[in-house]
Amino acid sequence: MPVVWIPSLLRELTKGERSLIVEGETVREVIENMESRYPGVKDRLCNGEQLHPSISVVVDGHTGMLKLRQRLHESSEVHFVIAMSGG
Amino acid sequence: MTTTLPVDEKKDDYSVIGKNPHRHDGTDKVTGRAQYGADIRLPGMMYGAMLRSPHAHAHILSIDTSDAESVPGVRAVVTAKDLPDVESKIAELGEGTINLRHQSNNILAKDKVLYFGHAIAAVAAVNPHIAEEAVALIKVEYEVLPPVLNVRKAMQADSAILHEDVRTDELGKKGDSPSNIAAHFQNQIGDVEKGFQDAHVIVEREFFTSMVHQGYIEPQNATAQYSPDGQITIWCSTQGSFGVREQVAKILDIPISKIRVIPMEIGGGFGGKNGIYLEPVVVLLSCKSGYRPVKMTMSRSEVLAATGPTSGSYIEVKMGADRNGRITAVQAMLAYEAGAYPGSFVGAGMGVIFAPYRIENALVDGYDVLVNKPHTAAYRAPGGTNAAFACETVIDELCEKLNMDPIEFRLLNGVKEGDRRVDGPVYNRIGYLETLEAAKNSQHYRTPLEGSNRGRGVASGFWFNYGGKSSASASVNSDGTISLLTGSVDIGGTRTSIAMQLAEGLGISAESIRPAVADTDSVGYTEGTYGSRTTFATGWAAYEVSNQLKEKMLERAAMIWETEVNKIQFVKGVFLYGDKQITFAQLASRLDETGGPVVASAAVRPEHSGPAFATHIVDVEVDPETGKVQILRYTAVQDAGKAIFPNYVESQLQGGVAQGVGWALNEEYLYDDQGRLVNSSWLDYRMPVALDLPMIDTIIVEVPNPGHPYGVRGVGEVPIVPPPAALANAIYGAVGVRMNTLPMSPARVVAELNKQKG
Amino acid sequence: MNKKVRVQATINGEEVEFLCEPRQSLLEVLRETLGLTGAKEGCNNGNCGACTVIMDGALVNSCIVLAVEINGHRVTTVEGIATPHGLHPLQEKFLAHAALQCGFCTPGFIVASKILLDQNPNPSEFEVREWLAGNLCRCTGYDRIVRAVLDAAQSQEKSL
């Protein structure tokens with residue numbers, strides 16, 4: 001199952017857990033499943049039914065352009081990082 | 001002097017890529033024929049001018065435009081009242097995010113001005129002089145408020161507040177009272193306390209930098225024609241025409257289909273021309289003046305005072321290393337000026353600061369801080385240079401304490417494929433160590449530096465690079481050439497670097513491609529020329545187009561020879577079938593007899609942009625009397641993945657170094673205590689001139705990006721990251737003072753030397 | 001509205017006549033009245049050199065020359081640098097050395113470099129840098145511009 005790294009500012013909701021093994025074939029499913037274990041997580045990561053615009057999801061080292069729809073593998077590593085662009 | 005060091009195991013066999021054709025738009029640009037935004041002249045065109053705030057922070061009590069409106073020759077006056085009320089919603093524009101209400105208020109201030117130069121009202125008149133005279137007749141009543149000008153003071157609870165509705169955001173959690181800290185970010189990994197306990201040496205320092213400007217030579221400009229049927233045409237200088245279309249549509253609350261943006265040639269951007277300032281205003285002026293076209297051009301003072309510079313910052317860095325020089329823990333706090341509205345690049349700075357190093361224990365806090373200065377914009381690797389200045393000078397101090405060579409220290413701690421970034425993700429194939437090896441083996445580094453008051457500095461840098469959305473379409477002409485349309489504005493030779501990737505795929509010459517930058521009605525959606533993405537992503541779209549054209553042309557060849565496609569080979573622009581052959585150009589002349597025109601288009605959004613790393617070496621001589629720093633020699637080493645158009649890759653490195661040198665030694669925004677910008681001209685905001693710089697040597701390392709068909713990595717941004725740190729380290733080597741403030745101007749260097757003397 | 005003045009001058013070898021207000025700069029008239037947009041406005045106060053033109057053989061920043069001042073004088077802009085036979089050697093060398101990125105400062109550099117080579121056909125690197133210190137380029141770091149000018153000087157020497 002995918003491993004989700006929990007950003008430090010969210011760990012207050014995950015009882016200090018730094019990473020979680022969460023079932024899910026997409027980023028959306030992973031967030032929903034985290035939400036059922038740690039209520040409030042979804043609201044922090046999402047703006048309605050979309051990923052919060054200030055957050056990027058990185059899956060296996062690459063920014064997932066499909067965001068919540070990004071597909072995950074059994075061994076995927078998921079990170080929520082600060083969204084940014086360039087000059 | 002350029003050296004290219006391919007690291008690829010298999011030798012590539014390109015016939016176009018890696019060569020240096022003349023750029024397609026070159027002749028137009030050396031003869032003065034190229035049309036930039038301000039060069040446009042339309043029948044009946046009028047000229048706009050803007051009233052700007054003389055105060056850094058004030059409520060607007062009233063605006064009276066009646067005198068201005070009555071000036072003969074004035075056709076329209078607009079204020080924020082003419083803008084629709086947009087919701088306070090976050091809109092996603094390309095890759096960035098933006099609060100629409102904030103952007104609208106930045107374009108024309110509504111009830112509060114938030115920085116010196118904030119736009120308030122605009123006039124359109126039959127000539128620019130009348131427009132300026134009319135602007136001077138607009139009366140504004142202000143209630144002046146105390147300005148917030150210092151990033152650390154702005155963070156204090158007792159500071160005056162810029163926006164009553166801004167609460168500190170901490171990953172989706174909002175603070176409960178108004179604050180100038182718009183956001184707090186954090187990256188944390190491992191156990192910092194334990195890491196510092198394991199350290200043999202620890203260095204902890206603080207750093208200060210001021211706002212600096214991109215300094216593109218062409219001021220912002222925009223021309224609009226509002227047609228009676230509601231269709232709008234905008235000609236402007238922008239890094240991204242589709243971004244302008246989206247932003248104008250949202251600010252004016254009109255559908256994008258009503259707007260056509262024609263990107264003119266652009267005189268530099270460096271991140272500063274992603275956002276918009278004038279476009280909605282000229283649209284409104286054109287509409288209100290009876291559908292006359294209106295052109296508005298900023299003065300240089302307006303550009304400096306009221307477009308987005310990059311953040312000034314306050315940074316604390318603590319790093320520990322063991323006896324062998326391995327980094328055991330790092331900690332940093334970065335506070336970046338966002339300017340008048342939230343949204344600095346502190347997040348990027350947090351990502352850049354320790355990116356070149358393998359670190360198990362790290363804690364990085366970042367703060368996005370509101371101050372009464374212009375809203376910051378991207379500037380080449382935005383947020384990165386400030387951060388690298390801090391980290392890379394602390395590393396130099398660690399090396400000194402450990403008695404280690406700075407390149408050896410970096411080789412020991414440098415990241416490679418499989419290592420983890422401080423913000424979590426793991427690197428794929430990257431070329432940082434290769435830049436260090438190349439720097440170590442360079443002629444420059446192997447030549448000892450002699451002479452008094454001379455020193456050598458080394459620093460490295462990182463930039464994420466971005467992929468993003470790009471489209472391209474092409475048609476085969478009967479003379480064997482290909483007309484290529486892309487939506488990528490060409491700021492530094494990208495017409496050609498894109499065309500070369502199309503040409504390579506078809507085995508034809510770069511000169512056989514006719515590349516053009518199309519407007520928003522004429523090509524698929526394409527993000528702006530930013531994020532070091534254009535040669536990477538739009539080049540990829542051109543590569544996809546080449547594959548499609550190849551397939552289609554193979555079908556035509558099969559038709560001519562009355563055989564199957566799979567029996568034909570295509571080698572270097574020649575179709576082969578048994579002992580028969582036909583060149584691409586010959587086949588192109590026979591399209592009519594084989595079914596008519598051949599066209600292709602592609603849209604891509606590649607994700608694997610491949611980060612960029614750079615290592616710079618600089619030698620300086622410091623005049624201990626005046627504090628002037630003279631650069632004696634400079635070498636920039638960078639992993640380009642694959643240099644498609646090497647002359648222009650090298651030029652990106654050299655240009656990035658030059659901007660970094662300006663930032664390091666001269667450039668800074670100077671505000672008086674009332675928040676008025678006092679150096680808003682190029683006489684006083686001094687950018688490097690030819691006499692300030694030596695030749696800038698480059699070493700291009702090529703560690704192909706596995707995420708691109710030709711191995712491309714973006715090259716444009718990372719070269720600005722190392723220079724200030726490299727220069728600070730060189731100054732220390734020369735005269736023994738550690739500079740912690742940018743710019744390291746003569747006065748500051750002398751002040752440090754005087755402190756040293758005691 | 002200010003009363004307009006009649007001005008006669010030779011621009012790029014051609015006699016021209018135009019009306020302008022006394023307050024209008026040469027740059028404004030070149031660009032907005034005569035349609036010669038090769039000279040660029042970067043600062044409008046003589047600091048960047050993007051508007052460099054030649055007036056009676058001397059370099060001037062056309063943004064700080066009044067249009068009325070050229071009455072009876074000869075002006076050459078970047079549009080007048082190429083010959084009927086093709087590009088000027090400086091233009092050729094700017095292309096060959098990739099001495100431009102955005103190209104906005106390029107007309108000013110070409111015009112300024114032309115006068116340098118007219119006056120000093122074999123300049124040193126330092127002389128080139130010193131001469132061009134009045135022209136700002138933000139893209140290239142000047143390296144390739146200096147090389148292009150030095151190379152153009154060499155090729156001109158050879159062709160003499």
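How far apart do the closest C-alpha atoms of chain A and chain C lie? They sit 14 Å apart, and no contact joins chain A and chain C. Keep in mind that this is a predicted model. The legends below go through some close-up views.

**View 1**

**View 2. Chain B meets chain A.**
Now for the contact between chain B and chain A, which takes 37 residues from chain B and 24 residues from chain A. From chain B, strand E5 (90-93), strand E6 (96-99), strand E12 (181-189) and helix H10 (346-353) each supply at least two residues of the side that touches chain A. That side of chain B divides into 16 nonpolar, 12 polar and 9 charged residues.

**View 3. Inside the largest nonpolar core.**
This core has 325 residues, and the ones touching the most other members are Val123(B), Ile234(B), Leu502(B), Leu727(B) and Ile731(B). Helix H16 (residues 534-561) of chain B gives the largest share of the core, 10 residues. Let's zoom in on Ile731(B). Leaving aside neighbours within four places in sequence, Ile731(B) is in contact with Gly455(B), Val620(B), Val622(B), Val629(B), Val737(B), Met739(B), Met744(B) and Val749(B).

**View 4. A strand of chain B that is largely enclosed.**
Strand E4 (residues 74-79) of chain B has 5 of its 6 residues buried, so the rest of the structure largely encloses this strand. Its partner here is strand E8 (residues 119-125) of chain B: 5 bridges join the two, and they run antiparallel. To find your place along the pair, spot Val78(B), which stands opposite Ala122(B) in E8(B).

**View 5. An open sheet of 3 strands in chain B.**
Read across this sheet and the order is E7-E3-E9, with antiparallel pairing. Strand E7 (112-113) and strand E9 (139-144) of chain B are the edge strands, each pairing on one side only. Between strand E3 (residues 58-64) of chain B and E7(B) there are 2 bridges, again in the antiparallel sense. A handy landmark is His59(B), which stands opposite Lys112(B) in E7(B).

**View 6. One face of a helix in chain A.**
Helix H1 (residues 27-37) of chain A has these buried residues: Val27(A), Val30(A), Ile31(A) and Met34(A). If you look down the axis of H1(A), the buried residues fall within an arc of 95°, so they line one face of the helix. What covers them includes strand E1 (3-5), strand E2 (19-21), helix H2 (41-45), strand E3 (46-47), strand E5 (55-59) and strand E7 (77-82) of chain A.

**View 7. A closer look at Ile31(A).**
This residue is found in helix H1 of chain A. With 22 other C-beta atoms within 10 Å, Ile31(A) counts as buried, because the cut-off is 20 or more. Not counting residues up to four places away in sequence, Ile31(A) touches Val41(A), Lys42(A), Leu45(A) and Cys46(A). Take Leu45(A): Ile31(A) and Leu45(A) are 14 residues apart in sequence, and their C-alpha atoms are 8.3 Å apart in space.

Most residues other than glycine have a negative phi, and most peptide bonds are trans. Start in chain B, where a cis peptide bond joins Leu742(B) and Pro743(B), with omega about -5°. Pro743(B) lies in the loop between helix H19 (723-735) and helix H20 (746-757) of chain B. Next comes Asp60(A), which is not a glycine but has a positive phi of about 50°. Look for Asp60(A) in the loop between E5 and strand E6 (62-63) of chain A; with 17 C-beta neighbours inside 10 Å, Asp60(A) counts as partly exposed. Finally, Tyr142(C) has a positive phi of about 70° although it is not a glycine. You'll find Tyr142(C) in the loop between H4 and H5 of chain C. Is Tyr142(C) buried or exposed? Tyr142(C) is buried, with 29 other C-beta atoms within 10 Å.

Terms used: Residues are numbered from 1 along each chain as its sequence is written. Chains are lettered from A and ligands numbered from 1 in the order in which they are written. This is a predicted model: local features need pLDDT of at least 70, side-chain atom pairs count only at pLDDT 80 or more; totals for chains, interfaces and linings use all residues. Two residues are in contact if their C-beta atoms, placed from the backbone, lie within 7 Å. Helices (H or I, at least four residues) and strands (E, at least two) are DSSP runs, numbered from the N terminus. Ala, Val, Leu, Ile, Met, Phe, Trp, Tyr, Cys and Pro count as nonpolar, Asp, Glu, Lys and Arg as charged, and the others, Gly among them, as polar. A nonpolar core is a set of buried Ala, Val, Leu, Ile, Met, Phe, Trp, Tyr and Cys residues joined through C-beta atoms within 7 Å. A residue is buried if 20 or more other C-beta atoms lie within 10 Å of its own, exposed if 12 or fewer, and partly exposed in between; C-beta atoms are placed from the backbone. Two strands pair if DSSP finds at least two bridges between them. The arc is that of the directions from the helix axis to the C-beta atoms.
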